[in-house]
Amino acid sequence: MGLSSIPGIPTPAIIGGSIWDILAGSSGFSLLILSVLLVLSIVSWAVIFLKWRSFKRVTADSARFRLLFRKGRRLSDRMTALSALQHMPHWRVIDAGYAEAVAFTEQNRGVRSGDAAGFDLTPEQKKAVSDTLERVAQEEIGRLEEWTIFLATTANASPFLGLLGTCWGIMNSFMGIGATGSASLVVVAPGIAEALIATVVGLAAAIPAVIAYNWCVRRLRVISDDLSNLSLEFLTELTRENVRETSELSRSL
């Protein structure tokens, strides 16, 4: 009984051929595994590119954002200068906190305060502003985290899919030995080659995904710390303006 007559077992003609010959002689199940690994690898590289571009832009503009934030006497002046960086997660965090502080000030005074009127906040309202800053910062980190879980999935699943292809190829080899009653290289090699291809493709998909995921986690941690520090700096400036406004009001009475 020839190997070509056994379903799922590659023919001996692939021995000595190219990798395309090996793929052409692979079983349908092995080709399915290789196709899944190829899709995982392509999507992973697309995610890696998008994350690299996103983090690069945030990192490049974060120093400029902090420099502009520290200029100007009042927060309203700084917000005007920072409006050119509205694509930054830093802006959305600070803008949310600023809007909350302005709303509380207007509520306390019963009139629209206007940007030049400073802030008038109670300790509870400052705590609410702080909570808003933290909530928006977490939302921004969550937005930046999108698709990084796919890298983790690829990194974890690809080696196992490759192992599955390896087991399938070895199983084909044993089936070939059983069908022919021979353990010659011609019988065993097709299954071994098929198994090795699955292993290589699985590792090729997993290794970049592991490296990229760890890099993304590191960058997200840095950005998260940056947003936390910026929030604290904003609260400090808010308190300073609040105290300054109270002092000026006391002197005017």
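Buried means under 20% relative accessible area, exposed means over 50%, and partly exposed is anything in between, with a 1.4 Å probe and protein chains only. With that in hand, select Phe29: at 31% relative accessibility, it counts as partly exposed.

Before moving on, note that this is a predicted model: local features need pLDDT of at least 70, side-chain atom pairs count only at pLDDT 80 or more, and totals for chains, interfaces and linings use all residues. Residues are numbered from 1 along each chain as its sequence is written, and side-chain values use heavy atoms, leaving out hydrogens and water.

Phe29 and Trp168 form a tilted aromatic pair, 4.5 Å centre to centre with 50° between the planes. (Rings of Phe, Tyr and Trp, the last by its six-membered ring, pair if their centres lie within 6.5 Å; planes under 30 degrees apart are stacked, over 60 edge-to-face, the rest tilted.) Phe29 sits in helix α2 and Trp168 in helix α6, 139 residues apart. Helices here are DSSP runs (H or I, at least four residues), numbered from the N terminus.

Finish on Leu238. Leaving aside neighbours within four places in sequence, Leu238 is in contact (heavy atoms within 4.5 Å) with Leu75, Ala101, Phe119, Leu121 and Val129.

Definitions and conventions:
Helices (H or I, at least four residues) and strands (E, at least two) are DSSP runs, numbered from the N terminus.
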